[in-house]
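I opened this notebook to record what I looked up in one structure. The entries follow the order in which I worked.

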Amino acid sequence: MRAESRVELWYLTTDVVLDPALLARCEAVLAPDERVRGEAFVFPIHRHEHLVTRALARGVLARHVGASPRALAFRRTEHGRPELVPPHVLRFNLTNTVHLVACAVSAEGAEIGVDAEPLARADDVLAVAETVFTLRERAELARATEEARRRQAVGLWTAKEAYMKARGLGLSLEPASFEILGGRVQPDERPWKLVARELEGHVVTVCVGTAADVRLEIRVADLEDLLA
Ligand SMILES: CC(C)(COP(=O)(O)OP(=O)(O)OC[C@H]1O[C@@H](n2cnc3c(N)ncnc32)[C@H](O)[C@@H]1OP(=O)(O)O)[C@@H](O)C(=O)NCCC(=O)NCCS
């Protein structure tokens, strides 16, 4: 039997979290520093996105850790990645857009990164292709038809970001310093798996540090249930 690496991808659209009672429940699980961070957003839409992200992470991780969502504590690495305190074997990563929030979890402790971008941002991605994609990546995109190229560009960008996040480096890793060709990260000696899905008009890509096949379990998050 081939080894499998099981990854949960939890997501929800932010528009399902509008009920005042549910919003209050989300607020109630936040730590003081998370509240301060949320209040610093100028636009309510970003405050909301931040709140839903924190609530999702707490709800999902609490299940794995066996604690209440409110009891979880986090720190951020020097590059900004949140991690559980005290350290836990599971690895997780978060991504958020105004409309969609997701949390990827490897309970087995494989390094993990996730990124989501709306397909509607294809033109924005193509506009910065020369800066973020390598020559060979751009040549691969150029071979596609126009419609396919738009999808592929968003897919490639989310794959690169997911890898940058799985490495824990984020944008401190220059996007054009490595390339993803035929689904493989180069140059990198270590095995990485990339799995992409289209969800709610977004491309969501998960990058997992494993040689095994990835079994991606997609779960639509119900915050009422996760925070109960
Ligand atoms: C991480 C980064 C690539 C995210 O890009 P993005 O497409 O704008 O945003 P996404 O929604 O996909 O991801 C954001 C989430 O990634 C996570 N994240 C942040 N830095 C990360 C890193 N270095 N590695 C992995 N994940 C990271 C966080 O959970 C963040 O959401 P949160 O801040 O609400 O918790 C980019 O913002 C970055 O590199 N930022 C650098 C931040 C930094 O250097 N901070 C240092 C001081 S804290």
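This is a predicted model: local features need pLDDT of at least 70, side-chain atom pairs count only at pLDDT 80 or more; totals for chains, interfaces and linings use all residues.

**Entry 1. The ligand**

I first asked which residues surround the ligand. I found 21 of them, and the closest are His-79, Gly-80, Arg-81, Gly-170 and Leu-171. I then looked up the elements that give two or more residues to this shell, and they are α3 (44–65), β4 (91–96), β6 (112–118) and α7 (146–166). Strand β4 supplies the largest share, with four residues. I also sorted the shell by class: eleven residues are polar, five are nonpolar and five are charged.

**Entry 2. The largest nonpolar core**

I recalled a general point before turning to the interior. In soluble globular proteins, nonpolar side chains tend to be buried together. In this model the largest nonpolar core has 53 residues. The members that touch the most other members are Leu-56, Ala-102, Cys-103, Ala-104 and Val-206. Helix α7 gives this core its largest share, nine residues.

**Entry 3. Thr-95 in strand β4**

I located Thr-95 in strand β4. Is Thr-95 buried or exposed? I counted 24 C-beta neighbours inside 10 Å; a residue is buried at 20 or more, and therefore Thr-95 counts as buried. Setting aside residues up to four places away in sequence, I found that Thr-95 touches Ala-102, Val-114, Asp-115 and Ala-116. I also took one distance: the C-alpha atoms of Thr-95 and Gly-59 are 15 Å apart in space, and the two residues are 36 apart in sequence.

**Entry 4. Helices α2 and α3**

I examined how helix α2 (residues 32–39) lies against α3. Their axes come within 9 Å and cross at roughly 155°. Angles over 145 degrees count as roughly antiparallel, so α2 is roughly antiparallel to α3. From α2, the contact is made by Glu-34, Arg-37 and Gly-38. From α3, it is made by Arg-47, His-50, Leu-51 and Arg-54.

I then looked at the loop between α2 and α3, where I found Phe-43. Phe-43 has 9 other C-beta atoms within 10 Å; exposure requires 12 or fewer, so Phe-43 is exposed. Phe-43 and His-99 are 56 residues apart in sequence, with 14 Å between their C-alpha atoms.

**Entry 5. The loop between β3 and β4**

I next read through the loop between β3 (82–85) and β4, which holds Pro-86. The peptide bond from Val-85 to Pro-86 is cis, and its omega is near -5°. Val-89 is in the loop between β3 and β4 as well. I counted 11 C-beta neighbours inside 10 Å for Val-89, which therefore counts as exposed. Val-89 and Val-105 are 16 residues apart along the chain, and their C-alpha atoms are separated by 11 Å.

I looked for another cis peptide bond and found one that joins Gln-186 and Pro-187, with omega about -10°. Pro-187 belongs to the loop between β8 (184–186) and β9.

**Entry 6. The loop between β9 and β10**

Finally, I turned to the loop between β9 (193–199) and β10 (202–208), where Gly-201 lies. Glu-200 is found in the loop between β9 and β10 too. I noted that Glu-200 has a positive phi of about 50°, although it is not a glycine. With 17 other C-beta atoms within 10 Å, Glu-200 is partly exposed.

Gly-201 has 12 other C-beta atoms within 10 Å; the limit for exposed residues is 12 or fewer, so Gly-201 is exposed. Which residues does Gly-201 contact, leaving aside neighbours within four places in sequence? I found Pro-118, Leu-119 and Ala-120. For Gly-201 and Pro-118 I recorded a C-alpha to C-alpha distance of 5.8 Å, at a separation of 83 residues in sequence.

Notes: Residues are numbered from 1 along each chain as its sequence is written. A residue is near a molecule or strand if its C-beta atom, placed from the backbone, lies within 6 Å of it. Ala, Val, Leu, Ile, Met, Phe, Trp, Tyr, Cys and Pro count as nonpolar, Asp, Glu, Lys and Arg as charged, and the others, Gly among them, as polar. A nonpolar core is a set of buried Ala, Val, Leu, Ile, Met, Phe, Trp, Tyr and Cys residues joined through C-beta atoms within 7 Å. Two residues are in contact if their C-beta atoms, placed from the backbone, lie within 7 Å. Axes are lines fitted to C-alpha atoms, for helices over the stretch in contact, and angles run from 0 to 180 degrees between N-to-C directions. Angles under 35 degrees count as roughly parallel, over 145 as roughly antiparallel, 65 to 115 as roughly perpendicular and the rest as oblique.
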